[in-house]
Amino acid sequence: MTDEPFSTLFLGALASKLADKLVSASSSKVKKAFLGDERRQALTGVLGKALDAALGGFTLEQDEKDHLQTILGEFLGREKVIKELSQVIAPRPQARLNLEILEGEFREAGYEPDTLGHFELRDFISRFAQNFYDEAAKNEILKGGIEIGLLRGMVDQMQAQSGFSQRTADALERIENRLTHGTLPLTPLSSLHQIPAPPVNF
């Protein structure tokens with residue numbers, strides 16, 4: 001194991017395998033678009049940069065990084081994960097990556113999203129999609145193979161969903177903190193179900 005777990009060698013190998021699997025899982029039209037070596041190499045390069053940027057957003061201990069290399073190699077090779085991620089090279093209108101499916105596959109592989117230090121699976125997927133778009137949008141070779149506008153729409157939907165989920169989580173955390181410290185008044189359950197008094201002439 002090297003001193004730089006997310007090295008160019010590791011990311012390059014992972015990106016190359018991912019590129020092959022994503023294209024293989026796509027339609028014949030997409031396969032045809034990536035037949036040439038030049039476009040396939042461009043896809044591999046963009047995937048490598050997207051993976052690097054997504055992983056670079058986490059502060060991890062050395063042993064966590066080492067462990068994560070093995071995890072990502074297994075996770076990103078799963079059939080349902082590939083099928084879901086293939087949308088980044090073949091985006092559709094109103095489509096988005098299904099984070100629930102990806103989390104389920106992560107657990108099926110034997111891992112728990114919340115037990116890997118500061119690594120967050122949902123954040124990783126969202127950052128990967130965002131950085132893949134950023135890199136693909138400025139890559140002239142890929143512009144003819146990927147619908148960049150549709151990819152942008154998919155990323156926007158993911159960011160909106162992620163923002164809503166984070167705001168909900170923050171709100172629940174604030175309520176929990178106030179309950180813990182006794183600063184949030186509790187409404188008696190009886191007052192929530194009071195039956196109004198009957199009229200005088202009843």
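Predicted model: local features only at pLDDT ≥ 70, side-chain atom pairs only at ≥ 80, totals over all residues.
Let's start with Gln130, which is found in helix H7.

- Is Gln130 buried or exposed? With a relative accessibility of 19%, Gln130 counts as buried, because the cut-off is under 20%.
- Leaving aside residues up to four places away in sequence, Gln130 touches Arg152, Val155 and Gln159.

**H3 against H7**
- Helix H7 packs on H3 at an angle of about 135°, and the two axes are 8 Å apart.
- That makes the pair oblique, since angles over 145 degrees would be needed for roughly antiparallel.
- H3 and H7 cross with right-handed geometry.
- On the H3 side, the residues that meet H7 are Leu43, Val46, Leu47, Lys49, Ala50, Leu51, Ala53, Ala54 and Leu55.
- Facing them from H7 are Phe124, Arg127, Phe128, Asn131, Phe132, Glu135 and Ala136.
- Sorted by type, the residues of this H3 and H7 contact come out as 12 nonpolar, 1 polar and 3 charged.

**H1 against H3**
- What angle do H1 and H3 make where they pack? Helix H1 (residues 8–24) and helix H3 (residues 37–55) pack at about 120°, again with axes 8 Å apart.
- H1 and H3 are therefore oblique to each other as well, and their crossing is right-handed.
- H1 brings Leu11, Gly12, Leu14, Ala15, Ser16, Leu18, Ala19, Asp20, Leu22 and Val23 to the contact.
- H3 answers with Arg40, Leu43, Thr44, Leu47, Gly48, Leu51, Asp52 and Leu55.

**The nonpolar core**
- In soluble globular proteins, nonpolar side chains tend to be buried together.
- In this model, the largest nonpolar core has 52 residues.
- Which residues have the most contacts inside that core? They are Ile89, Phe119, Phe124 and Phe132.
- Helices that each supply at least two residues of the core are H1, H3, H4 (62–75), H5 (79–85), H6 (99–108), H7 (121–137) and H8 (148–180).
- Ile89 touches Leu22, Val23, Ser26, Val30, Phe34, Leu43, Phe132, Gly145 and Ile146, again not counting residues up to four places away in sequence.
- Some of these partners turn up in the helix contacts too: Leu22 and Val23 belong to the H1 side of its contact with H3, while Phe132 belongs to the H7 side of its contact with H3.

Terms used: Residues numbered from 1 in each chain as written. Heavy atoms only, no water. Axes fitted to C-alpha atoms, helices over the stretch in contact; angles between N-to-C directions. Helix = DSSP H or I, 4+ residues; strand = E, 2+ residues; numbered from the N terminus. Parallel < 35°, antiparallel > 145°, perpendicular 65-115°, else oblique. Left-handed = near helix turned anticlockwise from the far one by under 90°. Contact = heavy atoms within 4.5 Å. Core = buried A, V, L, I, M, F, W, Y, C linked by side-chain atoms within 4.5 Å. Buried < 20%, exposed > 50% of the residue type's maximum accessible area, 1.4 Å probe, protein only. Nonpolar A, V, L, I, M, F, W, Y, C, P; charged D, E, K, R; others polar.
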